[in-house]
Amino acid sequence: MRPHRGVIEEEDASTLKLGADFQDAHCLFVSEVKILLDASQRPNTSEVYQKSLNYVTQFNRFTNPDVVREVRAGMNEEPIHSLLTGFELAQLANLCCEEAEEAKALIPSLANKIDDDTLQNFLNQTLDLKKFQN
């Protein structure tokens with residue numbers, strides 16, 4: 001919970017109540033953050049930077065920058081783009097689920113927003129990109 005203008009605002013990612021700070025935020029997936037940190041031109045040895053770099057290196061699903069761009073391009077295609085939020089799309093890219101049922105279990109907000117076939121097609125496309133990135 002977070003106070004907002006004297007009112008307690010409930011935050012719950014499972015229902016996409018992410019709070020005012022994230023209302024219009026563009027969500028990046030871990031592989032995109034890794035590219036941004038790697039491209040940083042100034043040397044940064046702060047503890048936070050190093051921990052962030054270690055995290056994205058460990059959980060990076062897409063190691064090829066061209067594949068990262070392709071994954072993002074797939075997120076911008078219809079019908080997936082109009083059905084899901086940026087947060088949901090980033091979570092799908094981060095988790096790399098193999099089955100629509102698994103994705104809906106891990107991202108509860110997907111349950112009534114997208115049919116299994118459409119979601120499975122997106123997951124298959126993403127998994128194919130991951131498989132052939134090297």
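A helix here is a DSSP run of H or I, at least four residues long, numbered from the N terminus. Helix α1 covers residues 30-39 and contains Ser-31. The model is a predicted one.

Start with the overall plan. The protein has 7 helices and 2 strands. Read from the N terminus, the order is β-β-α-α-α-α-α-α-α. The chain holds 134 residues, and 32% of them are buried. Now take the contacts with a sequence separation of 6 or more. Of these, 57% join residues 24 or more positions apart.

Buried means under 20% relative accessible area. Ser-31 has a relative accessibility of 2%, so this residue counts as buried. Leaving aside residues up to four places away in sequence, Ser-31 touches Asn-60, Arg-61, Phe-62 and Val-68. The side chain of Ser-31 reaches the backbone nitrogen of Arg-61 at 3.4 Å.

Next comes helix α3, which holds Arg-72. This arginine is buried too, because its relative accessible area is 15% and the cut-off is under 20%.

Two packed helices are described by the angle between their axes and the distance between the axes. The axes of α3 and α7 come within 10 Å and cross at roughly 170 degrees. Angles over 145 degrees count as roughly antiparallel. The two helices, α3 and α7, are therefore roughly antiparallel to each other. From α3, the contact is made by Val-67, Glu-70, Val-71, Gly-74 and Met-75; from α7, by Phe-122, Gln-125 and Leu-129. By class, that contact has 5 nonpolar, 2 polar and 1 charged residues.

Now follow α7 itself. The helix has 16 residues, 116-131. At 1.5 Å a residue, α7 should span 22 Å. Its end C-alpha atoms are 22 Å apart, which agrees. Which residues of α7 are buried? They are Thr-118, Leu-119, Gln-120, Phe-122, Leu-123, Thr-126 and Leu-127. Phe-122 also takes part in the contact with α3. What covers the buried residues of α7 includes α3 (65-75), α4 (80-83), α5 (86-95) and α6 (100-106).

The N-terminal end of α7 has a cap. Asp-115 provides it, with a side-chain oxygen 3.1 Å from the backbone nitrogen of Asp-117. Asp-116 lies in α7. Is Asp-116 buried or partly exposed? Its relative accessible area is 40%, so Asp-116 is partly exposed.

Beyond residues up to four places away in sequence, Asp-116 touches Ala-100 and Lys-104. Ala-100 is 16 residues away in sequence, yet the C-alpha atoms of Asp-116 and Ala-100 are 5.6 Å apart. With Lys-104, the link is between side chains: a polar contact of 2.6 Å joins Asp-116 and Lys-104.

Technical notes:
Residues numbered from 1 in each chain as written. Predicted model: local features only at pLDDT ≥ 70, side-chain atom pairs only at ≥ 80, totals over all residues. Heavy atoms only, no water. Expected span 1.5 Å × (residues − 1). Buried < 20%, exposed > 50% of the residue type's maximum accessible area, 1.4 Å probe, protein only. Contact = heavy atoms within 4.5 Å. Polar contact = N/O pair within 3.5 Å; in protein donor to acceptor, adjacent residues only side chain to side chain. Axes fitted to C-alpha atoms, helices over the stretch in contact; angles between N-to-C directions. Parallel < 35°, antiparallel > 145°, perpendicular 65-115°, else oblique. Nonpolar A, V, L, I, M, F, W, Y, C, P; charged D, E, K, R; others polar.
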